[in-house]
Amino acid sequence: MADATLRDVARACGCSVATVSRVLAGTRPVGAETARRVREAAEALGYRPNHAARALRGRSTGTVGLVLPQITNPFYPTLVRELTHALHADGRAVLLADCDDDPVAEAEYVADLLGRQVDALLVIPAHEERSREAVAAAAARVPLVLMDRGCGPGVADSVAVDNAAGMALVLDHLAATGRRRVCFLGAAGTASTAAERRGAYAARALALDPGAPERVALGDFSVEWGRAAVDEVWPARPDALVCANDLIAIGALQRLQQLGVDVPGEVAVTGFDDIPMAGLSAPGVTTVRQPVAELAAEAARLLGLRLSGERAGPQQAVRLAPRLVVRESSVPRRASVPAPAAGAGTVPAP
């Protein structure tokens, strides 16, 4: 049996070929009832769009390029999965590129994806400053959304968690459990997440102790740095280690256990992101949960608006609210956790 064509679908649902094309390509708004009839007819006939032919006609290829810093960071596979699902629901496929935290490689991947005629790009910048030129040039050619990290204002639409709000949740929790001599273990890089979490810690920790903003050790977002950071800061005997992500927190826990330090008796440890490892470690890591599914859905929504022409003009920056997940690394299981203030966004450990 020959493959079904747009004309076959149009005949089956009683619509014009142009209307069928708009519904299946998602290029322009169509009434809900008409869209339903078109999709039902397409499904009944087994119609499958020919993306290669569409590209040759200079139309949508149905693909979105995704460039991320490092797929080995456990936060990103979960995000990629949610993005794939969100974009697939809109009839779009994902082409993935991992630049390994290298802005030069990132620029090459962006150029390669544009050469493959992707309809749009999602980018998690490797570097806040050095990524800007390539990202801005790409955003001038196709719809582009920055995710999780930024590379300066006015470049493209962006969606990320509110890092300052997340750090406030952590520090308020530590204050409520009696911690005062806190120390921040962060990343020295220029990724916006590193800078925002570091700055938010310095601003909020001042309320706990005038010396807290200066108790900072910087390396990178890795387990190895978490271990090394403990050796650097432990002589000062902090009573809480506020880590910029969960990998650092897990490394810190490992080293503290090797030193025979009681966690959370002598020192509390917190992370950020709520990757699967945070709940599986012993003790479980108190952390800030990023709304990954919402992050992906919002990025797909912003891309869809630009692709359909429904949104033009100034870029939109969306910040999503995080949640605090309290586990044993900051409060012993037998202890009670003080109730958060209204809207504080604390959830129990899974």
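Author: Let us start with pairing: two strands pair if DSSP finds at least two bridges between them. Helices (H or I, at least four residues) and strands (E, at least two) are DSSP runs, numbered from the N terminus. Here, strand 8 and strand 9 run parallel and are joined by 3 bridges, and Leu241 stands opposite Val269 in strand 9.

Reader: What should I know about the model and its numbering before going on?

Author: The model is predicted, so local features need pLDDT of at least 70 and side-chain atom pairs count only at pLDDT 80 or more, while totals for chains, interfaces and linings use all residues. Residues are numbered from 1 along each chain as its sequence is written, and side-chain values use heavy atoms, with hydrogens and water left out.

Reader: In what order do the strands of the open sheet of 4 strands lie?

Author: The order is 7-6-8-9, with parallel pairing. Strand 7 and strand 9 (268-270) are the edge strands, each pairing on one side only. From one strand to the next the twist averages 15°, where axes are lines fitted to C-alpha atoms, for helices over the stretch in contact, and angles run from 0 to 180 degrees between N-to-C directions.

Reader: Are the residues of strand 6 buried or exposed?

Author: A residue is called buried under 20% relative accessible area, exposed over 50%, and partly exposed in between (1.4 Å probe, protein chains only). In strand 6 (residues 182-187), 6 of the 6 residues are buried, so this strand is largely enclosed by the rest of the structure. Val182, Phe184 and Gly186 lie on one side and Cys183, Leu185 and Ala187 on the other.

Reader: Which strands pair with strand 6?

Author: Strand 6 pairs in the parallel sense with strand 8 (residues 240-243) over 4 bridges, and Val182 has Ala240 as its bridge partner there. Strand 6 also pairs with strand 7 (residues 216-219) in the parallel sense over 4 bridges, with Gly186 opposite Leu218.

Reader: Which helix lies across strand 6, strand 8 and strand 9?

Author: Contact means heavy atoms within 4.5 Å. Helix 8 (residues 163-176) lies across these three strands, running at about 170° to strand 8.

Reader: In the sheet of 6 strands, which strands stand at the edges?

Author: That open sheet has the order 2-1-3-4-5-11, and its pairing is parallel. Strand 2 (93-98) and strand 11 (317-320) stand at the edges with a single partner strand each, so one side of each is left without a neighbour in the sheet.
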